[in-house]
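I opened the notebook to go through a new structure. My notes follow in the order I looked things up.

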Amino acid sequence: MTLNLPLPDSIQNFINEQVAIGGYSNAAEYILHLIRQEQARAARVESLLLAGLDSGNSIEITDDWWEQKRAQLVQKLDRQQQ
């Protein structure tokens, strides 16, 4: 399949820079690399989600649970930034 995609100059320049510094043969090779990376990331996320579903006893997710989880994450981030 061939894909013709108009790009702003700023993005074309960025792609050209990445091709040059990344050792790619051309823009298509660079873009294919990015797509393959995204495919691998999506497969990894799906695998982690499935592993999570199979990882023990289920819990009920409520609004209170989400609030507690958010608060825990905020506290963790605060500690990391200190």
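**Helix α2 and the rest**

I began with helix α2, residues 27-53. It holds 27 residues and reaches 39 Å from its first C-alpha to its last, close to the 39 Å expected at 1.5 Å a residue. I note here that the model is predicted.

Next I asked which residue caps the N-terminal end of α2. I found N26 there: one of its side-chain oxygens lies 3.1 Å from the backbone nitrogen of A28.

I then listed the elements. The protein has three helices and zero strands. From the N terminus on, the order is α-α-α. I looked up the radius of gyration and got 21 Å; the globule rule gives 12 Å for 82 residues, and the value is well over that, so the protein is more spread out than a compact globule. Along its principal axes, the C-alpha trace spans about 50 × 35 × 25 Å.

Of the 82 residues, 6% count as buried. The accessible surface comes to about 7600 Å², and carbon and sulfur atoms hold 54% of it.

How many side chains are positive, and how many negative? I recorded 7 positive and 11 negative ones, with the centres of the two sets 7 Å apart.

Last, I checked M1. I placed M1 in the segment before α1, which covers 9-22. Is M1 buried or exposed? Its relative accessibility is 97%, and the cut-off for exposed is over 50%, so M1 counts as exposed.

Terms used. Residues numbered from 1 in each chain as written. Predicted model: local features only at pLDDT ≥ 70, side-chain atom pairs only at ≥ 80, totals over all residues. Heavy atoms only, no water. Helix = DSSP H or I, 4+ residues; strand = E, 2+ residues; numbered from the N terminus. Expected span 1.5 Å × (residues − 1). Polar contact = N/O pair within 3.5 Å; in protein donor to acceptor, adjacent residues only side chain to side chain. Rg over C-alpha atoms; globule rule 2.2 N^0.38 Å. Buried < 20%, exposed > 50% of the residue type's maximum accessible area, 1.4 Å probe, protein only. Areas by Shrake-Rupley, 256 points an atom, 1.4 Å probe, with all protein chains shown as cover. Lys, Arg positive; Asp, Glu negative; His and termini not counted. Charge placed at Lys NZ, Arg CZ, Asp CG, Glu CD.
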